[in-house]
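The sequence and coordinates are shown first.

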2 protein chains.
Amino acid sequence: MNAPTKIDTSAEALMATAIRVLTMDAVQAANSGHPGMPMGMADVAAVLFNRFMQIDPSCPKWPDRDRFVLSAGHGSMLVYSINHMLGYADMDMDQIRSFRQWGARTAGHPEYGHADGIETTTGPLGQGITTAVGMALAERMHNARFGDDLVDHYTYVIAGDGCLMEGISHEAIDMAGHWQLGRMIVLWDDNKITIDGSTELSTSVDQKARFAAAGWHVQEVDGHDREAIAAAIEAARKDPRPSLIDCKTVIGQGAPNKAGSHKVHGAPLGAEEIAATRTALGWAHEAFTLPKDVYAAWQAVAARGRQAREGWEARLLCNEHGGAFEKSLARPDKVAMAEAIAAYKQKLSADAPKVATRKASEMALEVVNATLPNSIGGSADLTGSNLTLTKGMAPVSKDNYGGTYIHYGIREFGMSAAMNGIALHGGFFPYGGTFLVFADYARPAIRLSALMGLPVAYVMTHDSIGLGEDGPTHQPVEHLASLRAMPNLNVFRPADVVETAEAWEIAATSERTPSLLALSRQNLPCLRTEHRIENLTAKGAYVLREPEGGRDVTLIATGSEVEIAMNAADELARQDVKAAVVSAPCFELFAAQDEAYRASVLGDAPRVGVEAAVEQGWAPLLGARSAFVGMTGFGASAPADDLYKHFGITAEAVAAAAKKLIR
Amino acid sequence: MNAPTKIDTSAEALMATAIRVLTMDAVQAANSGHPGMPMGMADVAAVLFNRFMQIDPSCPKWPDRDRFVLSAGHGSMLVYSINHMLGYADMDMDQIRSFRQWGARTAGHPEYGHADGIETTTGPLGQGITTAVGMALAERMHNARFGDDLVDHYTYVIAGDGCLMEGISHEAIDMAGHWQLGRMIVLWDDNKITIDGSTELSTSVDQKARFAAAGWHVQEVDGHDREAIAAAIEAARKDPRPSLIDCKTVIGQGAPNKAGSHKVHGAPLGAEEIAATRTALGWAHEAFTLPKDVYAAWQAVAARGRQAREGWEARLLCNEHGGAFEKSLARPDKVAMAEAIAAYKQKLSADAPKVATRKASEMALEVVNATLPNSIGGSADLTGSNLTLTKGMAPVSKDNYGGTYIHYGIREFGMSAAMNGIALHGGFFPYGGTFLVFADYARPAIRLSALMGLPVAYVMTHDSIGLGEDGPTHQPVEHLASLRAMPNLNVFRPADVVETAEAWEIAATSERTPSLLALSRQNLPCLRTEHRIENLTAKGAYVLREPEGGRDVTLIATGSEVEIAMNAADELARQDVKAAVVSAPCFELFAAQDEAYRASVLGDAPRVGVEAAVEQGWAPLLGARSAFVGMTGFGASAPADDLYKHFGITAEAVAAAAKKLIR
């Protein structure tokens with residue numbers, strides 16, 4: 001940790017002014033965007049970057065860089081302005097000029113992967129701060145493994161009133177306080193303004209008391225007093241608790257007539273006010289033109305970062321754990337995982353035990369966690385139900401960042417956003433569990449996993465009416481459909497112990513697509529008694545049973561209903577009807593297969609789909625002559641066998657539907 | 001408000017014991033369920049009901065009854081035990097015996113509508129307390145309109161650690177503090193246990209300080225000291241702030257060997273421990289058998305409530321606002337609404353202005369709010385974007401419960417759960433707005449709206465890539481599909497000013513199905529220039545344009561894409577291809593039409609579906625010879641026109657797809 005740099009404060013004032021001017025000009029050019037926040041927080045951001053941030057724009061992925069998260073993502077011009085002036089190669093002035101235009105890196109909200117120096121996608125409020133909790137925890141976990149020489153950085157967050165009003169912020173601050181993430185520093189843009197007007201319209205909470213109640217270090221500063229801001233950040237860095245700095249700011253600061261009003265939040269200032277702002281700020285330069293001394297001041301920050309990064313690289317070279325460190329950040333070893341899972345599948349006896357797929361998941365995780373050195377498990381307080389804790393995993397806590405299992409508490413959304421942060425930080429493969437029905441609670445974070453393409457895994461057990469007595473509030477019927485609707489998410493619903501292992505192999509080695517495993521509460525027989533070497537789940541769907549002499553009908557099922565389809569095929573065979581059974585554990589991977597493979601699996605015969613869920617989403621697997629056996633409404637509270645019977649999801653019903661089709 | 005009743009405390013002890021015994025026996029018989037909470041909170045519940053609750057089991061819907069919400073819904077046996085002993089007619093001992101069995105009213109979690117005296121469905125944690133905020137606010141709003149004589153009741157909540165860890169609890173307590181809901185009293189089952197073990201595994205927040213920071217009155221009591229509990233409830237009732245009573249309890253209290261452990265949370269005690277508990281409690285009665293004096297004690301509570309209800313009815317009879325009061329609770333006047341909307345549609349000029357459907361929604365809401373005396377609008381801090389505030393609506397605040405518009409703050413989930421509570425309380429029709437993409441944040445509460453069948457309306461604007469520059473975090477592409485997947489939710493996506501008015505007519509008069517309106521940010525022409533008298537949106541889909549001489553192709557679209565389909569039909573006509581255009585504003589209502597109507601709309605020609613969203617969910621409208629023009633992944637940040645062009649959702653693309661089909 002370096003001491004804060006002594007700086008030329010008049011240069012720092014210019015650094016802030018440049019953020020304001022670039023912001024208002026870019027928003028004006030786009031005729032769309034949010035000038036209020038970047039202008040209001042320009043002083044805070046200038047101080048933070050000028051005196052504290054350790055980043056190297058010439059090496060944006062330097063692992064030990066400080067992380068900066070703009071939780072109030074609508075203020076994206078703050079990041080773009082700064083990254084342009086810092087000299088990120090992919091953020092030239094043309095990018096600023098084309099803010100919010102097709103093909104530009106300068107999207108309306110910061111998009112991870114669009115440009116360097118954007119640590120996470122933000123915009124959906126409250127998630128930035130929670131993702132940052134995951135980053136800050138990952139920093140401590142990585143530090144526990146590799147020491148201060150290699151891992152020693154801060155996580156800074158700018159959050160607005162919206163972030164702190166969203167419920168997920170409660171989950172974030174409780175987690176950060178509980179884990180005592182002292183290197184997480186939140187700069188709250190306390191401007192008393194929301195879109196509808198004054199914050200007095202909708203909130204009365206004493207935020208400082210609220211954060212203090214969660215174990216945070218709390219300060220308050222004038223967000224336009226740069227020395228006070230610097231002193232507060234220094235104090236925050238020294239305090240062992242996570243820190244909130246309440247920055248009293250004026251939204252749109254610098255705009256002489258519009259500052260302080262909600263009207264400056266999300267609309268261009270207009271040519272007249274822009275001219276007045278230029279005058280008020282004493283800024284004589286044209287739009288999208290910056291003086292050399294401004295660039296020089298910002299690039300001094302970059303130079304400091306570069307020096308720090310070079311020092312770090314020297315330390316890495318002679319660190320005895322350097323190899324392990326680099327391995328922790330590398331892509332997962334697909335070959336090793338494939339071998340381990342193949343060996344495990346082979347070891348399963350031909351008549352493997354009848355276990356729930358959640359239990360099968362635990363068995364597979366024993367292999368995954370033994371193979372992946374950096375797997376981090378967890379559950380939103382359903383460990384014994386999700387079966388996410390494998391042998392020897394110790395809880396992560398403020399006293400043991402070296403642990404490998406996170407008790408996320410009853411916080412499905414917070415868990416998911418934190419997992420995104422852990423994945424973004426690097427060094428770990430996070431997975432976490434809850435009930436499938438509570439995917440709804442986590443959904444906005446699952447969406448960001450998918451949008452960012454993060455390798456995280458959601459372990460969602462109790463995946464249908466098969467959970468029984470807990471009733472309709474706990475029975476997902478529409479969740480498979482709603483999750484399959486989401487782009488770039490692999491939804492697995494394995495049928496047995498073999499498919500569950502295969503799904504885990506894919507999930508644990510996926511690089512750009514998150515995975516969600518929907519797993520049964522109830523026991524299921526092992527159906528994949530043959531063809532265990534190849535990972536057939538990777539094909540999305542495959543023929544589990546092919547009748548001799550051609551098909552009269554094809555039964556397609558997932559998860560717990562594959563057993564029902566197999567029984568239906570037996571029943572049909574007794575009635576001289578030749579039924580194939582297709583197991584379809586992952587619709588997304590099946591859609592990615594070539595046409596010929598898909599046609600060979602689905603065949604030409606009429607098809608019956610079977611899933612204890614709504615039909616929506618099944619169309620690509622069914623066809624003109626097809627039927628579906630599943631749910632049409634919410635479930636009910638009763639033992640699982642009763643529910644399957646009463647909702648008509650039985651081998652008899654499947655056989656009857658098949659016979660009706662081929663009659 | 002009556003003074004708390006003087007009672008025989010030894011009878012009260014028996015009342016609590018009976019809860020414990022009925023709970024453990026029912027869970028044991030079901031071999032499934034959660035004994036820990038009801039046993040731990042039995043003393044608190046006995047005191048609350050015995051000394052304070054005003055309810056009349058012979059008239060379960062008495063409007064001025066106190067509301068009791070078991071936010072920790074897994075402890076459902078607490079409610080069932082109490083309601084049985086209070087003498088609710090539909091809760092005989094057979095119901096207790098058949099806890100969690102098919103067809104029983106005693107579902108795993110309390111289900112609204114399954115049995116009397118269940119004020120809301122709970123189980124998804126954190127929502128009970130937030131729904132209760134809506135109830136408590138509705139009480140004050142109703143009181144502001146009808147006075148203390150008719151509306152003067154309390155809202156009591158039992159919440160557990162799970163409820164207080166969920167993020168939504170932050171939204172709930174900030175809203176309740178902000179609105180100063182002094183008649184809301186939360187009894188926190190502070191037993192230091194969650195499913196994974198000690199609360200120390202996952203939380204360090206000081207809950208009492210946290211609630212105080214949100215403006216709550218906070219107390220702490222021994223949850224097994226009945227006099228202390230009573231004194232705390234009395235003090236809470238007197239304090240003008242919402243109240244938290246931290247009840248220090250032992251989970252599973254009464255079970256000599258298992259109390260205090262997470263093992264008693266969600267599993268039967270077992271025969272041996274049940275016998276030991278009977279001994280420890282000095283309870284000699286067989287399972288499902290209660291002595292007369294226990295029934296007598298509970299039914300004294302019922303008698304007190306009945307007396308209070310009779311007094312209230314006498315006041316209603318001579319109250320000058322009695323008629324208006326009853327009207328506020330009655331079903332919506334469908335005839336009046338139909339007439340008002342029909343008149344409004346007729347008044348629109350033949351070439352009605354080209355407006356966004358969010359603007360059309362505002363125009364329709366002017367009619368709806370003028371017609372419905374009890375409409376309560378609101379937005380999660382997007383009032384100017386959602387256009388949910390009509391003329392003359394004043395904000396609801398602690399100083400003006402007589403207002404009609406709620407600034408819910410940046411709390412989509414909290415807003416939605418609170419709307420459920422307002423609807424459940426009765427007296428109001430709540431609607432609330434946010435962006436469609438943030439339906440994900442609200443989804444768990446939308447699901448409870450659907451599961452309970454509540455008349456609430458979600459106003460979800462910015463419904464596609466048509467919102468433009470805000471980019472993929474703000475562009476719903478999978479949300480229509482994910483919402484259509486949910487049972488019992490009408491998802492409307494109107495195409496123009498006429499359909500928007502029709503959707504509102506249905507939404508504002510729906511009794512058992514919540515509505516969600518997906519509305520455009522961008523302007524759309526008025527396409528329904530003819531046939532304006534009948535509400536065609538009520539049919540779900542209808543032929544907007546029928547070519548002469550039969551169809552070569554049918555173009556089916558929703559919302560902003562109907563204009564595109566109409567332009568494609570023009571283009572096809574120029575190429576001598578006869579295209580019908582079907583507008584499909586509500587898939588759910590279309591599915592409910594008879595086969596003949598559906599066939600007449602869809603026709604026999606090949607079909608092209610058009611929607612700026614993923615295809616999933618379209619299968620029932622398409623067929624064997626069909627194509628779909630829409631989205632296949634996430635959106636991007638750019639002006640809307642650019643996005644439509646780049647993603648290929650254009651009249652040209654639709655015409656090309658049509659020609660390819662019919663070639």
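## Salt bridges within chain B

Arg598(B) and Glu595(B) form a salt bridge, with their closest N and O atoms 3.3 Å apart; the term denotes a side-chain nitrogen of Lys or Arg within 4 Å of a carboxyl oxygen of Asp or Glu. The model is a predicted one, in which local features need pLDDT of at least 70 and side-chain atom pairs count only at pLDDT 80 or more, while totals for chains, interfaces and linings use all residues; side-chain values use heavy atoms, with hydrogens and water left out, residues are numbered from 1 along each chain as its sequence is written, and chains are lettered from A and ligands numbered from 1 in the order in which they are written. Both partners lie in helix α23 (residues 595–602) of chain B, three residues apart, which is about one turn of the helix. Helices (H or I, at least four residues) and strands (E, at least two) are DSSP runs, numbered from the N terminus. Arg598(B) counts as partly exposed at 26% relative accessibility, and Glu595(B) is exposed with a relative accessible area of 54%. Here buried means under 20% relative accessible area, exposed over 50%, and partly exposed in between (1.4 Å probe, protein chains only).

Two further pairs in chain B can be set beside this one. Glu119(B) forms a salt bridge with Arg65(B), the closest N and O atoms being 2.7 Å apart. This pair links distant parts of the chain, 54 residues apart: Glu119(B) is in the loop between α5 (93–97) and α6 (127–146) of chain B, and Arg65(B) is in the loop between α3 (42–51) and β1 (67–70) of chain B. Glu119(B) and Arg65(B) are both buried. In the other pair, the side chains of Asp246(B) and Lys248(B) meet in a salt bridge at 3.5 Å, N to O. Asp246(B) is buried, at a relative accessible area of 1%, whereas Lys248(B), at 28%, counts as partly exposed.

## Salt bridges over all chains

Over all chains, the structure holds 90 salt bridges. In chain A, a network of salt bridges links Asp190(A), Lys192(A), Lys208(A), Glu220(A), Asp246(A) and Lys248(A).

## The interface of chains A and B

Contact, defined as heavy atoms within 4.5 Å, involves 95 residues of chain B and 95 residues of chain A. The area buried between the two chains is about 7,600 Å², of which carbon and sulfur atoms give 58%; buried area is the accessible area (1.4 Å probe) that two parts lose on being put together, summed over both. In chain B, the residues that lose the most area to chain A are Trp102(B), Tyr441(B) and Arg447(B), which together account for 11% of what that side buries.

Six salt bridges are counted between chain B and chain A. In one of them, Arg447(B) pairs with Glu478(A), the closest N and O atoms being 2.7 Å apart.

## An annotated residue and domain in chain A

An unreviewed UniProt entry lists Glu412(A) under "active site"; UniProt positions are given in the numbering used here, feature names are shortened, and annotations may be inferred rather than shown by experiment. Glu412(A) is found in helix α17 (residues 412–425) of chain A and is buried, with a relative accessible area of 4%. Not counting residues up to four places away in sequence, Glu412(A) touches Glu171(A), Ala380(A), Thr434(A), Phe438(A), Tyr441(A), Ala442(A) and Glu166(B).

The unreviewed entry's annotation "domain: Transketolase-like pyrimidine-binding" covers residues 355–526 of chain A. The end C-alpha atoms of this span lie 8 Å apart, and the span is 38% helix and 19% strand.

## Surroundings of Ser560(A)

Ser560(A) is placed in the loop between β17 (553–557) and α21 (561–574) of chain A and counts as buried at 5% relative accessibility. The side chain of Ser560(A) makes a polar contact with that of Arg493(A) at 3.0 Å, and a polar contact of 2.7 Å joins the side chains of Ser560(A) and Glu561(A).

Notes. A polar contact is a pair of N or O atoms within 3.5 Å; within protein, one must be able to donate a hydrogen and the other to accept it, and residues adjacent in sequence count only if both atoms are side-chain atoms.
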